[in-house]
Amino acid sequence: MSEPERDVETLINLYKETCKSVGCEPIQKVIKFMKLIDKESEPSIDGYCLDLRGNLPEFKLNRLNHDDISALSRELSEDFLITDLNLSFNDVGDVGAISLGKALQDNKFLEKLNLAMCDIDSKGVEAICTGLQMNDNLKSLNLKGNKIGRHGGILLSATLQVNSTIAHLDISDTDQTDESLIALTTVLLDNTTVKRLDVSNPLLTSEQEETTIHFSKMLHVNYGLTELHLCKHKMQDFGATQLAESLRDNKTLMYLNLACNKISEDGAFAFAELLKLNTPLKMLSFSSNRIGNNGLVALSEAVATSNCNLTTLWVNNNGITETGLCALAAALRSNITLTNIYIWGNELKNTACNAFEQLMEGNSPRILEHNTDIVPYVVDGITYLAETGHYLFSH
C-alpha cells in the first residue's frame, strides 16, 4: 500500500470521494469531527485514526445516531483508509451495529474499533460477530458498557474460535454471566491470539467462585494472554489462591487487575508466594480489596527479597495502617524495579507519611511524583500526604 498524505483535508476529501463512489451524501457531523483530528494522533503511514467520540464537549448534544453510523459503514466497506475508529458514546444501537457488522465483512484496513457505551444489545453484537468471522484485519474491539448479556458473550466466544486476529477485547460492564464467562475461558484454553482481555463487572449469580476457578485453569495452560482484568468478580481468598497457584507456571501474563473484589490477607499471602518465584508479572492491582497490614507485609517481603520483575502495585483502599505501609516503604529501599505505587485510601498517619516523604524527596527520589497517587506536604512541621490525580491505567 502506498503511503497516504496524512493531513486532515486529505482525509475529508477521501471521505467525500468514498461517499460519492457509493452514492450517498457526506455526513456533515462526521466532517465536523474530522476537522478536530490532531495530526499527531494519526497512528501510522497505513491509515488514519478517526475519533468520533460522542462524549467530546463539542458533540455531547449532537451525537451520531444509527442512521449516521449506517451511512458511515458504507464508506468502511470501500477503500476508506481508516485504521482506528472510535465511535464510543454515540447512539449506535443495534441498527448501527448491524451496519458495522456488514462493513467488517469487506473492510481490509480497520484495526481498532471502539464501540464502548453505544447502546448495543445481543442482536447488534451478533452482526458484529458475523463480520468478525469473515474479517482478518481487526485487532482491537471495545464493547464496554453495552448490555450484550449472556447471549452476546457466548457469540463472542464462538467467534474467537474462528477469528485469528482479535488481540484486545473489552467486554467489561456488558452483563456477562457465569455461563458466558465459562464459555470464554474454555475457548481461551486453545486461543493464543487474545493478548488483552477485560471482563470486569459481570452479573454473577453464584458465590462459589466457579468463574474464577475456570479462569485459573485457563491461565495454567494459556500462553497468549498478557493482560487480564477481573474487577468486581466477587473473588475471595479461595479464588485468589487458585489464581496465584495457576500463575506459577504461566510465562506470559504481565498485568493482572483484581480490583474491587473481596480478597483479604490469605489471598495476598498466596500472591506473595507467587512473587517470590519472580514470574513475568509486572503489574498487580489489589485496589479496593481488604488485604490489610498482614497482606501488605507479606507482599512487601516478597518484593524486597525475591522479586525483580514487578514494576507496579496498587494497594489503595485496603484497610492498611502504618504497619503495612512502613513495611512497603522499607521494601522499596532494597527493591529497585518497583517504581509505581498506589496507596491512597489507607490510614496515612505520621510514621507512614514520613516514610513515603523520604522516598520522594531529594534530587534522586526513589518514587517519582507522577508514579504514585500521593504527594507529601508539611504543615507546622508535620508531614501529611495528599491525593494526586496521577493514576496509571492500562488503556
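Trainee: Which strands each supply at least two residues of the nonpolar patch?

Mentor: In this predicted model, strands β12 (374–379) and β13 (382–387) each do so.

Trainee: Which residues make the nonpolar surface patch?

Mentor: Tyr377, Val379, Ile382 and Tyr384 make the patch, with an area of about 330 Å². Of these, Tyr384 has its place in strand β13.

Trainee: How should I read the packing of helix α3 and helix α4?

Mentor: Start with the angle: under 35 degrees counts as roughly parallel. Helix α3 (residues 66–76) and helix α4 (residues 93–106) pack at about 5°, and their axes are 8 Å apart. Therefore α3 is roughly parallel to α4.

Trainee: Which residues make that contact?

Mentor: From α3 come His66, Ile69, Ser70, Ser73 and Leu76, while α4 gives Val95, Gly96, Ser99, Leu100 and Ala103. The residues in this contact of α3 with α4 divide into five nonpolar, five polar and no charged.

Trainee: At what angle do helix α11 and helix α12 pack?

Mentor: Helix α11 (residues 292–305) and helix α12 (residues 322–334) are set at an angle of about 5°, with 8 Å between their axes. That angle makes α11 roughly parallel to α12. On the α11 side, the contact is made by Asn293, Leu296, Val297, Ser300, Val303 and Ala304. On the α12 side are Thr323, Gly324, Leu325, Ala327, Leu328, Ala331 and Ser334.

Trainee: How do the residues of the contact of α11 with α12 divide?

Mentor: Eight are nonpolar, five are polar and none is charged.

Conventions: Residues numbered from 1 in each chain as written. Predicted model: local features only at pLDDT ≥ 70, side-chain atom pairs only at ≥ 80, totals over all residues. Heavy atoms only, no water. Axes fitted to C-alpha atoms, helices over the stretch in contact; angles between N-to-C directions. Helix = DSSP H or I, 4+ residues; strand = E, 2+ residues; numbered from the N terminus. Parallel < 35°, antiparallel > 145°, perpendicular 65-115°, else oblique. Contact = heavy atoms within 4.5 Å. Nonpolar A, V, L, I, M, F, W, Y, C, P; charged D, E, K, R; others polar. Patch = residues over 30% accessible without salt bridge, like charges linked within 9 Å, V, L, I, M, F, W, Y side chains within 5 Å. Areas by Shrake-Rupley, 256 points an atom, 1.4 Å probe, with all protein chains shown as cover. Salt bridge = Lys/Arg side-chain N within 4 Å of Asp/Glu carboxyl O.
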